[in-house]
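Biologist: Pick one part of this model and walk me through it closely, please. I'd like the setting first, then the details.

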Amino acid sequence: MQFQYQYYGATEVSDTAAAQSFSFAPDLLRPPVRFDGTLKQDGMGFLQVREALSALHSVVVSDMRTRGRDTSAYRQWLEEHEPQLLARFMADTGQLQQRTEEVSTELQALRAKKAQLLGPFYKAQRQYFDWLYQHNRDLWFVLDPVITVHPDRLLFEAFSQDESSYCAVSIQHEAFDHAGERVCGTTNIDYSASLYEEFQKIRNYKRTRLQLDPAGFDVTVGDDPGLREEKIEVPDSWLRGFLQVSSAMALPATVVELHPMDLFNVCAQLRSQREKHGPRSLRFEFPAGAAPQLVFEPWEKRLQTKRARVVDNGTRAPASIRIWGRRRLLTLERLIAQANSVRVHLLGSGMPSFWVVQMGQVTVTLGLSGWSANDWSSSARFHLLAPQARVSDAEAQAVAAALQSCWQASAADLAASTGLSQPQVHAAMSRWLHAGRAIYDLASTRYAWRELLREPLTAAQWQAPVSQEEAAALELLRKQQVAVSQLEFAQGQIRIAGRIAQPDGKRWFEPQLQLTADEQVSSASCNCNCFQQHRLSRGPCEHILALRLTAQPELDKGQRASAEQQTLAKEAP
């Protein structure tokens, strides 16, 4: 997919002994977005903004993909010595030795000529890419960060190069003294690696001004020398990954609140000891009646978190949850000194986790895929775990319009303004999350309108390719092979169990589901091979998905009956 940008000038930084000004160049092809504010110097807001934007930069340049050793020098040596090696090998072949020498001599001459012609090119190419990566990383960025101006905050978002990490920095408007007009909206900003060095110069004795430069929107002359256009070819995996992040954030999770010192101890352990073999997971254990504990594998080193607690969010915490790719947590190391609290949203073992660091008026959210080598788009289908309540296109548009009118709202607020049930609101918002038109804010547990792209995505673009599990689930429904054996509402949870005959006709697949009151999947299980291998790290298996779709009509009936009872209760004297 190709992204096109148009900037007027470039992001500029003015730095003097008394003041510092960041003037971000927005994308002129988007609707005008304006912001102009100066960081307040009384308090620690300046330091929190500096550290948060530095963490954002760390994610932008992050790339933990394993790279093999550079074997170009060895291959060059091998090509130069291959005739001699081949001649030695063939020395014992008697009558073929003379012919081998003739061919080797001819081959050596040809390869010498080839090396003479192409050698300087390959050498210059290798030196250029080495220099580019070390000195001009701007050209290695996949996509410029996204910035959104909301009525109450400024939101920066970025995705790592290896597509395994997501970072969002939310800065409340109370941290600024506003100097100009503020126009809400979303745009891309011209971002460069040199901005990181400028962020480090933010101090409390300097007036620090952040400005989305509005001057470029007044330019109407197409041949203005200040105008520049950029076209970037972005892999579809980048877009799918960003959309899967939004879908994953809205899922029910086990939420653990850590003390900042707990995060410090985690980073200190990662710094002090390097694992040489697996397993390399960070394991959360939840002993009954005690604070959660963190265990570092493979050493089984246990970190006591006496001040940590499991936040009651309606989801029963399992006995333990393991996450991989833990060294990515060092991105948060600089935030510890300013952190008030750290909340960890755990979706399950091998599934994504979100680390929300609250620092007064600045909040940093770090989203990590299941493990470093697993990006957000290769096989994730987290949107399939979202509520599946029936929602018409008109109802989905009504939910979007209600959210656009206020920019941020909870599911309850959207349900009240549209007259829909909360499961229907969640189902409608799942569409907009996966279409890149909205985002779920974990810190405030609200939906927020955010248009990731300038042009709305078509259904063919934002819908992930149909997986084998989806196709198989639809085939099971078509053949009516799914039998719901249990569907009960108890203690704010919905339990569903079913049976699906295996191909041999002698055994059964037995999927089970547990949903919240809003019909979001809180836990699931199945005895099939796919679930035993991957759990929910790649989304639900075909049997869980088929059971969910089969039971959905009964869930809709239950929701309607509940709504009617609530209406009668309100009308009763």
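Modeller: Helices here are DSSP runs of H or I with at least four residues, strands are runs of E with at least two, and both are numbered from the N terminus. On that count the protein has 13 helices and 28 strands. Bear in mind that this is a predicted model, where local features need pLDDT of at least 70, side-chain atom pairs count only at pLDDT 80 or more, and totals for chains, interfaces and linings use all residues. Residues are numbered from 1 along each chain as its sequence is written, and side-chain values use heavy atoms, with hydrogens and water left out.

Of the 573 residues in the protein, 49% are buried (under 20% relative accessible area; exposed is over 50%, partly exposed in between, with a 1.4 Å probe and protein chains only). Take contacts, meaning heavy atoms within 4.5 Å, between residues at least 6 apart in sequence: 69% of them join residues at least 24 apart.

Now for the close look, at His150. You'll find His150 in the loop that runs between strand E5 (146-149) and strand E6 (153-159). Its relative accessibility is 0%, so His150 counts as buried. What does His150 touch, leaving aside residues up to four places away in sequence? The list is Leu155, His173, Arg182, Cys184, Trp407, Gln408, Ala448 and Trp449. With Trp449 there's also an atom-level detail: a polar atom of the His150 side chain lies 3.0 Å from the backbone oxygen of Trp449. Gly185 is worth a glance as well: 35 residues separate Gly185 from His150 in sequence, yet their C-alpha atoms are 6.9 Å apart in space.

While you have the model open, look at helices H8 (residues 411-418) and H9 (residues 422-434) too. Ala411, Ala412, Leu414, Ala415 and Thr418 are what H8 brings to the pair, and they meet Gln422, Val425, His426 and Met429 of H9.

How values were computed
Polar contact = N/O pair within 3.5 Å; in protein donor to acceptor, adjacent residues only side chain to side chain.
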